[in-house]
Structures are given as C-alpha cells and as structure tokens.
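Please walk me through this structure in plain paragraphs.

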Amino acid sequence: MELIAIAFGAIFVNNVVLQQFYGLCPFLGVSTKKSSALSMGMAVTFVITLSSIISYIIYTFILKPNDITYLSTIVFILVIASFVQLVEMFIKRFSSSLYSALGVYLPLITTNCAVLGVAIDTTVNSAKIFGGNENPTLMMVTIYALGISLGYALVIFLFSAIREEMSAYPIKRNWQGIPIALITAFIMAMIFIGFGGIV
Amino acid sequence: MAKKQKSIREIFTNGLFKQNPTFVQFLGMCPTLAVTKSVESALGMGAGVIFVLVMSNLAVSLVRNYVPREVRIPIYIVIIASLVTILEMLMRAFAPDIALLLGTFLSLIAVNCIILGRAEAFASKNGPIKSMADGLGMAIGFTGGITLIATFREILGAGTFLGMQIIPETYQISILIQSAGAFLVFGILVSQINKIRMNRADRNEVA
C-alpha cells in the first residue's frame with residue numbers, strides 16, 4: 001500500500017515537470033513532435049530509474065558509511081554521465097532512426113536536472129520525499145524513480161500532443177514558441193494540482 | 001564572426017541583454033521556474049550561479065589548451081561539479097537559510113545548462129579575463145531575469161517584497177506562488193519581452 005502511494009504520488013501529485021520543475025529544457029525543446037517526445041520519455045525513464053538505483057547503492061554503501069556524503073554531487077554526476085554515454089552507444093547501435101530523432105538531446109540528458117535531481121532527492125534529501133524517512137529501502141527508491149520518470153514521459157507526451165495540435169492555429173507573433181508553450185504548461189499544471197488531495 | 005575584436009565591455013553586456021540566458025536563450029529553465037517563488041531565493045540562486053559561472057569559466061579557460069577535444073565535456077562537468085560542491089559547503093556554513101530554501105536546486109546548479117553552455121561556447125575558445133567577463137555578464141543577466149520573475153510572483157502572489165507586506169491578503173493571487181503560477185508569469189513576461197524585441201527589430205528594418 002505504501003509503495004502504491006509512493007508511485008501515485010511520484011507520477012501525479014509531485015509530477016516532476018509540472019510541480020518540481022525538473023527537466024524543463026528537453027520538456028520544451030523536444031516536445032514539438034509526439035514521436036520524439038515519446039522516445040525522449042523512454043530514454044529518460046531508462047536513465048532516471050537505473051541511475052537512481054546505482055546512486056542509491058553508492059550512497060548507502062560507500063558514501064554514507066565513510067562519511068563523505070558531501071561528495072555526492074560529483075559522484076552522482078559522473079555516474080549519470082557515464083550511464084548516458086552507455087545508453088547513447090546502445091541506441092546508436094540498435095536504432096539509427098531513434099538516434100537521429102533524439103539528436104542533440106541524448107547527450108543533454110546528462111544535464112537534464114531530472115536525473116540528478118531524483119538521484120539527490122532519493123538519497124541526500126530522502127526525508128523530504130519519503131515523509132521524514134531518512135533510510136528508504138531500495139524498493140521504495142526504485143518505485144519512486146520509476147514513478148517520477150513515468151510521470152515525466154506521460155506529461156511530455158501529452159504536452160507534445162497538445163503542441164502538435166496547436167501548430168495548426170494562428171498565434172500572435174510574440175506568443176509563438178516558448179510563451180504559448182509555457183501557458184499550456186500552466187494550464188496542465190493547474191489540472192495536476194487536482195491530484196493533490198488524493199495522497 | 002568578429003568575436004575576436006569584441007571588447008571586454010561588449011562581452012560583459014552581451015550576457016546582460018542581447019543574449020540574456022533567461023529571456024532570450026531560455027537556458028537554465030528549471031531554476032528559473034523553481035526558485036522564483038520569492039525574491040530572496042532568486043537572489044540566493046543568482047549569487048550561487050555568479051560564483052560558479054565566473055569560476056568555471058576561469059578554470060575552463062585556463063585549461064583549454066591542455067584538454068583533448070574528445071574528453072572536454074566530462075572534464076568541464078567535473079570542474080563545474082567540484083565548484084558546486086564548494087558552493088554547497090560555503091552556503092551551508094554561512095547562509096544556511098538560503099541553502100535550505102534552495103534545497104536540491106543548490107546541487108542542481110551543477111547541471112545548469114548555462115554553465116556548461118558558456119564553458120563550451122565561450123571559455124573553451126577565449127582567454128581567462130574575457131571568459132570571466134562573459135561569465136559575470138551571463139550570470140548577472142540570469143540573476144536579473146529570475147529576480148524579475150520572482151518580483152512579480154512574490155508581490156502579486158504573496159503580497160510581499162523581500163518579506164515586507166505590500167498588498168493586503170484579500171488582493172493576493174495565490175496561484176502565482178504555487179508551482180503552476182511560475183509557468184504563467186514566465187510565459188507572459190517572455191511574450192511581452194518578445195514584443196518589445198520584435199518592434200525594435202521591425203523599426204531597424206524600416207530605417
């Protein structure tokens with residue numbers, strides 16, 4: 001039951017983009033086409049979930065016992081950077097169409113703050129997200145990271161669908177592009193506030 | 001590109017207005033929206049970014065001739081992450097309130113695209129003095145941008161400015177200090193700044 005609450009909270013209530021503002025650059029950048037938004041969502045899901053697990057293991061078994069948690073930012077960023085490199089090589093090898101669709105945004109997952117943000121939130125700041133629990137289990141972290149990234153994929157896909165539809169309508173010149181996308185995100189965020197009372 | 005002939009002053013003001021990271025380049029959007037709930041946290045974030053960006057531009061510019069092209073990005077990332085770690089420790093020691101206010105976003109300066117972007121686009125090609133001027137200009141431009149957003153959000157949403165009560169409670173638009181409001185305020189500001197820039201560009205074309 002607790003795990004379901006964590007998952008639901010991570011996907012909807014504390015939605016990574018609309019509530020926590022992680023990973024906005026790709027959110028606004030890649031979301032003009034449904035297909036690329038979907039592949040970005042998948043890549044991010046994969047990277048966030050696995051890098052959080054790796055970070056959790058490193059934090060719990062290496063950094064914390066040796067009292068060097070102040071190094072976590074550097075360590076996590078290295079883990080994420082090398083992991084993204086791995087995913088990039090993998091995609092390049094097995095799907096050239098996916099590779100060309102994601103283009104420059106794949107290396108940019110390294111600087112996608114959602115990845116580092118979730119890694120830090122589940123370890124150093126775990127009290128904040130697990131209701132004061134400073135020693136979450138690996139299961140909780142995995143479920144949370146999976147939920148967060150599914151929430152990311154969901155929102156980026158919905159958003160790209162709206163933007164694709166919107167591109168057919170005339171929009172005032174100074175509102176085109178980023179401004180209208182931000183207003184759309186505002187309306188989506190208001191809808192997601194509605195989930196707040198559930199958990 | 002006539003980049004070589006640019007004076008220090010031009011490099012510095014470039015980041016303030018023409019290439020403003022917040023409103024023109026749309027870099028570092030996550031902190032832009034996340035820490036603009038109050039002017040205090042925006043200024044705290046700005047100070048952090050000024051420190052990290054100036055120092056990282058300096059460091060990258062100093063090592064630029066010794067770093068092989070293939071591994072430059074990982075090296076820049078390590079430089080930036082180390083600076084952020086220093087900043088985290090300094091802030092926790094000397095400004096614990098602001099460190100608490102910024103939370104995870106303090107560590108996330110490490111992945112702020114402005115910093116890696118400037119390292120790659122400017123500091124890896126220019127000398128240390130110019131790079132520091134560029135970093136300072138960009139960082140102050142960023143601070144100005146987020147402080148502007150925070151001013152609107154705090155005054156209209158919470159009725160305060162730096163904690164001082166200005167607008168009575170009945171007239172506050174509380175959605176603006178919630179997460180959703182950040183998108184609204186930022187969107188409106190960008191559209192108005194676009195309008196000014198487009199009008200200016202039109203006038204230049206006519207003249």
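Helix α6(A) is largely enclosed by the rest of the structure, because 10 of its 10 residues are buried. A residue counts as buried if 20 or more other C-beta atoms lie within 10 Å of its own, as exposed if 12 or fewer do, and as partly exposed in between, with C-beta atoms placed from the backbone. The buried residues of α6(A) are C113(A), A114(A), V115(A), L116(A), G117(A), V118(A), A119(A), I120(A), D121(A) and T122(A). Their cover includes α3 (34-63), α4, α7 (126-129) and α8 (138-166) of chain A, and also α2 (29-34) and α6 (104-107) of chain B. Helices here are DSSP runs of H or I with at least four residues, strands are runs of E with at least two, and both are numbered from the N terminus.

The model is a predicted one, in which local features need pLDDT of at least 70, side-chain atom pairs count only at pLDDT 80 or more, and totals for chains, interfaces and linings use all residues. Residues are numbered from 1 along each chain as its sequence is written, while chains are lettered from A and ligands numbered from 1 in the order in which they are written.

Chain A as a whole comes next. Chain A has nine helices and zero strands, and its pattern along the sequence is α-α-α-α-α-α-α-α-α. Its C-alpha atoms fill a box of roughly 60 × 45 × 30 Å along the principal axes. The radius of gyration of chain A is 17 Å, which agrees with the value near 16 Å that a compact globule of 199 residues would have. That radius is taken over C-alpha atoms, and the globule rule is 2.2 Å times the number of residues to the power 0.38. Of the 199 residues in chain A, 46% count as buried. Among contacts in chain A between residues at least 6 apart in sequence, 78% join residues at least 24 apart. Two residues are in contact if their C-beta atoms, placed from the backbone, lie within 7 Å.

Chain A also touches chain B. In this interface, 32 residues of chain A are in contact with 33 residues of chain B. On the chain A side, the elements that give two or more residues are α2 (24-29), α4 (72-94), α6 (113-122) and α9 (178-193). Helix α9(A) gives the most, with nine residues. By class, this side of chain A has 24 nonpolar, six polar and two charged residues. Ala, Val, Leu, Ile, Met, Phe, Trp, Tyr, Cys and Pro count as nonpolar, Asp, Glu, Lys and Arg as charged, and the others, Gly among them, as polar.

Chain B contains nine helices and two strands, in the order α-α-α-α-α-α-α-α-β-β-α. The C-alpha trace of chain B spans about 60 × 55 × 25 Å along its principal axes. With 207 residues, a compact globule would have a radius of gyration near 17 Å, and the 18 Å of chain B agrees with this. Buried residues make up 48% of the 207 residues in chain B. Of the contacts in chain B between residues at least 6 apart in sequence, 75% join residues at least 24 apart.

Two helix pairs show how parts of chain B are arranged. The axes of α1 (residues 8-18) and α8 (residues 128-158) of chain B come within 6 Å and cross at roughly 25 degrees, which makes α1(B) roughly parallel to α8(B). Axes are lines fitted to C-alpha atoms, for helices over the stretch in contact, and angles run from 0 to 180 degrees between N-to-C directions. Angles under 35 degrees count as roughly parallel, over 145 as roughly antiparallel, 65 to 115 as roughly perpendicular and the rest as oblique. The residues in this contact of α1(B) with α8(B) comprise nine nonpolar, five polar and two charged.

In the second pair, the axes of α4(B) and α7 (residues 113-123) of chain B come within 10 Å and cross at roughly 135 degrees. Helices α4(B) and α7(B) are therefore oblique to each other. Here Y76(B), I77(B) and I80(B) of α4(B) meet I115(B), L116(B), A119(B) and E120(B) of α7(B). This contact has six nonpolar, no polar and one charged residues.

Helix α4 (residues 72-94) of chain B also holds M89(B). M89(B) is exposed, with 12 other C-beta atoms within 10 Å.
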